[in-house]
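Thanks, I will keep this short.

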Amino acid sequence: NCDDQLISALSQSSFSSSSELSSSHSPGFARLNRREGAGGWSPLVSNKYQWLQVDLGERTEITAVATQGGYGSSDWVTSYLLMFSDTGRNWKQYRQEESIWAISGNTNADSVVYYKLQNSIKARFLRFVPLDWNPNGRIGMRVEVYGCTYRSEVVGFDGKSYLIYTFNQKLMSALKDVISLKFKTMQSDGILLHREGRNGDHITLELIKGKLSLLITLGDTETHSSNAHINITLGSLLDDQHWHSVLIECFKNQVNFTVDKHTHHFHAKGEFSYLDLDYEISFGGIPVLGKSGILSHRNFHGCFENIYYNGVNIIDLARRH
């Protein structure tokens, strides 16, 4: 039930804006159903360069938003963009089905228009950017944000470090492997994860020029078919210092590789079941260079969040051990 009201308890200092018409139209008056001041936020000039910003105080899962116009006025916004950020400096736009998504706003000053996000977003800061408003009035907004506390484990890598997880082979399912994580970085290259075996078999997930490359290699190409290498690339500009999600699911010879909701399904043509892999996996770098013939690849420099391997919380495990 991630639908708590997040704004009602915030202080006035949690609100900011591009400008304000007067002190009684300041962003601190922009709470839903409130009538203090002039009954909402209005900028000095009504144009498409204005915005209303909310600082939720910590990174939060946001599932819905709601808007009203200025209380008892002719001031309301008919459509707006939603922007979000972890820092308040580096902004990303809420998109639906990969298109820029203008959210429908209000048709009068006091009715509440609730909008459920198709996909929840995780952010500390939100910005409402008015696109259109009542032509017989000006921009006027009161808002609410719905969601819940976002629990996360974050670890930083400095380009020299890595994290090794050695697991109990008795607890291993030979049939299915599931790895999930989020990452953010300003570097265009770096190893996200690596796992290899004694015969040169390996699986490597690597950021190369801002794109993610999943490489599956059978070391002993003479034993198996010539189709011993699989290299799938997904995403672009992933070095933008925003969080990006990765999911790798291996079930027998079926592999699903997902980056930010874009999934590539492929069959490893019977080869995946032949992979001779060690019972350890490294995140952020390759522990012993040259073992798999990989020499030139850089360690990851940035942050990982919520690393899970077959349901095990790797970062939590690392902190406790």
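I start with Asp-316, which is partly exposed at a relative accessible area of 22%. Keep in mind that this is a predicted model. The side chain of Asp-316 meets that of Arg-320 in a salt bridge, with 2.9 Å from N to O. Both residues sit in helix H1, and because they are four residues apart there, about one helical turn separates them. Arg-320 is exposed, at 54% relative accessible area.

Salt bridges with shared partners also make one network here, and its members are Arg-59, Asp-86, Lys-184 and Glu-305.

Asp-86, at 24%, counts as partly exposed.

Next, Glu-153 and Arg-319, whose side chains form a salt bridge at 2.9 Å, N to O. This one links distant parts of the chain, 166 residues apart: Glu-153 is in the loop between strand S10 (142-149) and strand S11 (154-158), and Arg-319 is in helix H1, residues 314-320. Buried or exposed, for Glu-153? With 19% relative accessibility, Glu-153 counts as buried, since the cut-off for buried is under 20%. Arg-319 counts as exposed, at 53%.

How many salt bridges does the structure hold? The count is nine.

Notes:
Residues numbered from 1 in each chain as written. Predicted model: local features only at pLDDT ≥ 70, side-chain atom pairs only at ≥ 80, totals over all residues. Heavy atoms only, no water. Salt bridge = Lys/Arg side-chain N within 4 Å of Asp/Glu carboxyl O. Buried < 20%, exposed > 50% of the residue type's maximum accessible area, 1.4 Å probe, protein only. Helix = DSSP H or I, 4+ residues; strand = E, 2+ residues; numbered from the N terminus.
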